[in-house]
Amino acid sequence: MPKLHLVWLRNDLRCLDNAVLCSAVEQAQQNNEALLVLFVATAQTWAEHDMAPIKQDLIRRRVMQLQTELTALNIPLLAIEGSSYSQIPAVFSQLCQQFALNVYVQTEYELREQQRDVAVEQVVLANQGQFIRFDTQCIMPPGTVRTQQGDIYKVFTPFKRSWLSRLHESGVQCYGRPTPVQTPQASLTNFTPMHNGDNSSVAWPVAEAEVLEIMRRFCREKVADYQLQRDFPAIDGTSRLSAYLAIGVVSAAQCVARLQLEAKDSWARDKSGAEVWLSELIWREFYKHILVAYPALIKHQPFQAETAAIRWTNNPALFQAWCDGNTGYPIVDAAMRQLNQTGWMHNRLRMIVASFLVKDLHIDWRWGERYFMSKLIDGDFAANNGGWQWAASTGTDAAPYFRIFNPVSQSEKFDPQGDFIRLYVPELSKLQGKAIHWPHKLGGVKGYAAPVVDHAEARKQTLVLFKEVKGNL
């Protein structure tokens, strides 16, 4: 039976800095054996995981583009429709009937993904194949950054110090582009080709060269001002790479390597734009480390166990007003409308709207977590869960429960001229000055929602809810 080196891509949809792909290519070349790259779209499971349609479309568009890019290297990519994770073992069973498989994968950390991989591994091993994992999602794989006592860090700042120490010691290495292959072609049985998406993500480029240029340009031209501009949603001051990091069009290692190249020594200077952006990349890794160490988070449990007893009000009408951007708080409404219209939201706004849902509307943070995943083009379970638990004061390294964002003062501070609000809340476009941040002072604006809650009163109620479970009454 002929040998087939099979690269099963998931959230690593790139040619450059792809250890899985490079290793498979090297082995196939050395042994003059067939090579195949496989991607299985699983729309049913994606929907069960609340994956946003716009993210699904981005994945499909990227896979089709990657097929073109790999063809230039004489590497075949088979993109098929698999519906759900439960069907994937059968795909590999079919392949095992034709080939002795060496399967190469990047490790995934979520529970159902782990279960899927174990099921596939069992099929491959039962047919005398190999299942080879590469733990390359993070620069520092989960479990490798620990305290001197060998424990997992539960707080970000000491985690970051240890992470940076390891970076200084070992640096960051990126794989190059695989060399064009000259190996036998695999003859395959019939599979259902992957469907095209709905083109909802068309505003986001999917060619690897374009994405890398976005990253390089940010590091070269914008990162110096990142600390000064990153909190202002009306300014194009962020990298906009989160969607590409989420599906692996670009890797964290590539980002850090380019940052070090362009920013010279400033990436290590406290509070510089480069150092602050590097911190954001480290936050992403921190949340993945936490997720692996505390798998209950995958089942949507709070990190701080006592907060599971909080008596959320969970008013469906208030939740719908938040979802639709009709709360009567302009910065909240503008942010939610940005999410609904574009599939993306500025990070400062994510914190504001999350705080508002939990601490003004008293709605369980998991409602917001799930809604974000259903809309975000950059939805990433670990980052989304970590961010929501931070805002809700239920997670590791959480904001203290008594730190409650005032949406009006946040609006005045981070959208001082109201430019962002006017972009997404046209009902308020004619208001000038500070009136746009709180248009209800003189009776409101016709056509714009009245405030659904009183912030000062809601704040008092939040303190009571948290004190009840923390035993501070």
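Which residues of α17 are buried? The legends below take up this helix and several other sites in turn.

The model is predicted, and local features therefore need pLDDT of at least 70, while side-chain atom pairs count only at pLDDT 80 or more and totals for chains, interfaces and linings use all residues. Residues are numbered from 1 along each chain as its sequence is written, and side-chain values use heavy atoms, with hydrogens and water left out.

**View 1. The buried residues of helix α17 (407-414)****.** In α17, the residues Pro 407, Val 408, Gln 410, Ser 411 and Phe 414 are buried, where buried means under 20% relative accessible area, exposed means over 50% and partly exposed lies in between, with a 1.4 Å probe and protein chains only. These residues cover an arc of only 160° around the axis, which puts them on the same side of α17; the arc is that of the directions from the helix axis to the C-beta atoms. The buried residues of α17 pack against α13 (330-342), α14 (347-360), α18 (419-424) and α19 (455-470), contact being taken as heavy atoms within 4.5 Å. Helices (H or I, at least four residues) and strands (E, at least two) are DSSP runs, numbered from the N terminus.

**View 2. Pro 400 in the loop between α16 and α17****.** Pro 400 is placed in the loop that lies between α16 (381-392) and α17 (407-414), and with a relative accessible area of 26% this proline is partly exposed. When neighbours within four places in sequence are left aside, Pro 400 is in contact with Lys 359 and Ser 393. Trp 277 is 123 residues apart from Pro 400 along the chain, and the C-alpha atoms of the two are separated by 24 Å.

**View 3. The contact of α4 with α5****.** The axes of helix α4 (residues 88-96) and helix α5 (residues 111-126) come within 9 Å and cross at roughly 20°, which makes α4 roughly parallel to α5. Axes are lines fitted to C-alpha atoms, for helices over the stretch in contact, and angles run from 0 to 180 degrees between N-to-C directions; those under 35 degrees count as roughly parallel, over 145 as roughly antiparallel, 65 to 115 as roughly perpendicular and the rest as oblique. From α4 the contact is made by Ile 88, Pro 89, Phe 92, Ser 93 and Cys 96, and from α5 by Arg 116, Ala 119, Val 120, Val 123 and Val 124. By class, the residues of this contact divide into eight nonpolar, one polar and one charged, with Ala, Val, Leu, Ile, Met, Phe, Trp, Tyr, Cys and Pro counted as nonpolar, Asp, Glu, Lys and Arg as charged, and the others, Gly among them, as polar.

**View 4. Met 1 and its contacts****.** Met 1 is found in the segment before β1 (3-8) and counts as exposed, at 65% relative accessibility. Not counting residues up to four places away in sequence, Met 1 touches Cys 96, Gln 97, Gln 98, Phe 99 and Ala 100. Of these, Cys 96 is 95 residues apart from Met 1 in sequence and 9.5 Å apart in space, C-alpha to C-alpha, and Cys 96 also belongs to the α4 side of the contact with α5.

**View 5. The contact of α7 with α10****.** Helix α7 (residues 208-222) and helix α10 (residues 252-263) have axes that come within 9 Å and cross at roughly 35°, and their crossing is right-handed. The contact is made by Leu 212, Met 215, Arg 216, Cys 219 and Arg 220 of α7, together with Gln 254, Cys 255, Arg 258, Leu 259 and Glu 262 of α10. This contact has five nonpolar, one polar and four charged residues.

**View 6. Arg 60 in helix α3****.** Arg 60 lies in helix α3 (residues 53-71) and counts as buried, at 7% relative accessibility. Leaving aside neighbours within four places in sequence, Arg 60 is in contact with Ala 41, Ala 43, Trp 46, Glu 81, Met 194, His 195, Asn 196 and Gly 197.

Definitions and conventions:
Left-handed = near helix turned anticlockwise from the far one by under 90°.
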